[in-house]
Amino acid sequence: MPRILVLYNEPVLPADHPDAGSEHDILDTVHDAFNILVAAGFDAVKLGVNTDPQPLLNEIKRFKPDAVFNLFEGVPTIADSEVAVAALLEWLGMPFTGCPSASLGLGRDKVRVKHLLAASGLPTAEYAIVEELPAPTWNHEWPAIVKPATQDASVGIDQKSVVTSQAELDERVKAVLEKYGPPVLIERFISGREFHVNMIEEPGKPGVPFVLPIAEIAFEPTPGRWSVYTFTAKWDENSDEYRTSPLKAPVFLPDDDFARLKQIAERCYRLLRCRDYARIDVRMDVNGRFYVLEMNPNPYLNSLALVNAVMHLGGTHEKLITEIALAAVARNPNPVSTSNIKVPVGVVTAI
């Protein structure tokens, strides 16, 4: 029976903290993944860690897992801890699910990703990087959007992130620098439709991304409000922004458009050397041109964008989780029998 350790970030922020929603959300994924793995026949244990990595080292020594199901998204009070945990597992020679530490590091660094996208000829909006004040003169079209360059989960993104003048840009850059520190990313704001494009690797095809049916943030036009997937729109279920920014999945584009988007997604996946699964966020302007907004090498596995896409193709969440775990076990240099592992039915997916 293969042994698998389900690793996750134990929440450290209090429930009333403005960023707590994005941190506590992982607990639902842990619950579902663990139950699926047990039902599939794995000898599974759960471990939550936060500011001290020692419990992880202790549990690996005690339990001797064949692989780690890595759901660790980082500790918000410790920069780059998401990357550090993956690097620690690599140092220990412990196979784990998801992207390697180098990919995770790139995913958290919007500056390097923008440089890589631009240098690779992938479509992305014009941009500027700010390390210190004063902010540079913006020489591209308005509006622009100002983002903290080392945050994820829409942290630091709100309606004031979109600016329409140099004065507004200067004020916003100053505020972001003060709250999150450098660098700050400025991009031309792309009006249009926004899509989430999930990719997974099929069994027996390591390194080959399969592009799933896409999801759309179906913004409802609201006077005086930008169509931006802000932190509030993503996490505050009681807000009007959340209500008017529903995620619809799957949605379908004309074949030619999807073929272009598929090629972009595959190139992004390979560019960051992702593994097992990843996601890109893109905008399509009124002329049908795609622009890559962000590369996410550690997307939310319980997202409807991913779950509904898998189900549309005849799969289940149980099958996805089981196959991801098996791929990690297969990376163990010591042969591990998986003959007893079977995809369970009806653990989380309604039948």
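Of the 351 residues of the protein chain in this predicted model, 52% count as buried. "Buried" here stands for under 20% relative accessible area.

**Overall build**
- The protein chain contains 12 helices and 13 strands.
- Its radius of gyration is 20 Å, close to the 20 Å that the globule rule gives for 351 residues, so the chain is as compact as a globular protein of that length.
- Take the contacts between residues at least 6 apart in sequence: 70% of them join residues at least 24 apart.

- About 16,000 Å² of the protein chain is accessible surface, and carbon and sulfur atoms account for 53% of that.

**A closer look at helix α6**
- Helix α6 covers residues 110-119, and K110, V111, V113, K114 and L117 are buried in it.
- Seen down the axis of α6, these buried residues fall within an arc of 165°, so they line one face of the helix.
- An α-helix has 3.6 residues a turn, so residues three or four places apart point the same way.
- Helices among the cover over the buried residues of α6 include α5 (101-107) and α10 (255-271).
- Strands also take part in that cover, including β4 (127-130), β5 (144-148), β7 (184-188) and β13 (290-296).

Terms used
Residues numbered from 1 in each chain as written. Predicted model: local features only at pLDDT ≥ 70, side-chain atom pairs only at ≥ 80, totals over all residues. Heavy atoms only, no water. Helix = DSSP H or I, 4+ residues; strand = E, 2+ residues; numbered from the N terminus. Rg over C-alpha atoms; globule rule 2.2 N^0.38 Å. Buried < 20%, exposed > 50% of the residue type's maximum accessible area, 1.4 Å probe, protein only. Contact = heavy atoms within 4.5 Å. Areas by Shrake-Rupley, 256 points an atom, 1.4 Å probe, with all protein chains shown as cover. Arc of directions from axis to C-beta.
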